[in-house]
Amino acid sequence: LDLAADANEIEPNPRSVQLFAGGLAYLNLDDNANDLLGNYNGTEMNGVSYVNDSDRGAVADFDGDDAYITFGSPNDGFDPLNDTNLWSMAVWFNRSEDRFEDATNHAAHNLLFANSANSSNDSFEIGTIGASVDAYLDTTQSDANLPDIPAGVTNDTWHHLIFVFDSAAENETKIYVDGELLYESTQWGGNMDVAPATEWTIGLARPDQQLWGDFHGKIDDFAL
């Protein structure tokens with residue numbers, strides 16, 4: 001995503017896709033996890049399927065039972081976010097169930113995107129709990145959970161989420177939901193602290209063992 005674009009201008013229209021120059025990966029998730037930018041394909045694991053949604057058309061469906069999409073780890077060749085100080089992600093999601101009992105060790109739930117492994121240092125998790133967004137971030141300057149961020153998230157409703165990390169900005173981390181800036185902080189500077197064996201995944205964390213924080217619902221138009 002082009003961080004020069006103003007995320008406040010993104011309209012929460014479930015039929016529009018915001019793509020900007022300079023993207024790392026874009027998965028439309030219509031019938032596979034291929035990257036339409038040609039850089040980093042995802043791989044479906046444990047029952048990710050594709051269904052027709054009345055609002056968004058073809059989307060990925062996660063059954064909440066260890067289903068996820070993986071980009072692999074830096075050791076596998078997915079290394080564009082290693083030690084970076086500038087990146088962002090965007091995703092449409094429709095949560096079917098609020099799985100509050102299934103949290104990661106960083107207290108993240110219903111995961112949308114994560115970088116983690118049982119054998120290595122976790123660096124990123126973002127999901128939702130109740131009406132809020134919850135997240136965890138590990139950089140060379142800080143290692144901590146973000147506070148739960150009230151976002152108006154409800155089950156069976158499409159929402160659009162953007163996470164931005166820019167250590168050169170006054171507020172290095174920002175989170176937007178449905179086009180509205182809901183959180184910004186100066187706590188996380190430096191670079192991302194990504195371990196070589198940690199996988200980047202959509203739908204849960206710790207895919208190598210614990211399979212924590214399962215997302216149950218639909219995901220569409222994932223972009224980095």
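Predicted model: local features only at pLDDT ≥ 70, side-chain atom pairs only at ≥ 80, totals over all residues.

Me: How many aromatic pairs does a search of the whole structure find?

Reply: Two rings pair if their centres lie within 6.5 Å, and planes over 60 degrees apart count as edge-to-face. The search of the whole structure finds 14 aromatic pairs. In one of them, the ring centres of Phe-62 and Phe-215 are 6.2 Å apart with planes at 80°, so this pair is edge-to-face. Because Phe-62 belongs to strand β4 and Phe-215 to the loop between β15 and β16, the pair ties together parts 153 residues apart in sequence. Phe-215 is also buried, at 0% relative accessibility.

Me: What is the geometry of the pair formed by Phe-71 and Phe-222?

Reply: Their centres are 5.9 Å apart and their planes stand at 35°, so the pair is tilted. Distant parts of the chain are linked here: Phe-71 is in strand β5 and Phe-222 in strand β16, 151 residues apart. Phe-71 counts as buried at 8% relative accessibility, and Phe-222 is buried at 0%.

Me: Which residues form one aromatic cluster with Phe-71 and Phe-222?

Reply: The cluster includes Tyr-40, Trp-87, Phe-124 and Trp-200.

Me: Which ring has Arg-56 over its face?

Reply: Arg-56 lies over the face of Trp-158, 5.5 Å from the ring centre.

Methods. Residues numbered from 1 in each chain as written. Heavy atoms only, no water. Phe/Tyr/Trp six-rings, centres within 6.5 Å; stacked < 30°, edge-to-face > 60°. Helix = DSSP H or I, 4+ residues; strand = E, 2+ residues; numbered from the N terminus. Buried < 20%, exposed > 50% of the residue type's maximum accessible area, 1.4 Å probe, protein only. Lys NZ or Arg CZ within 6 Å of the ring centre and 35° of its normal.
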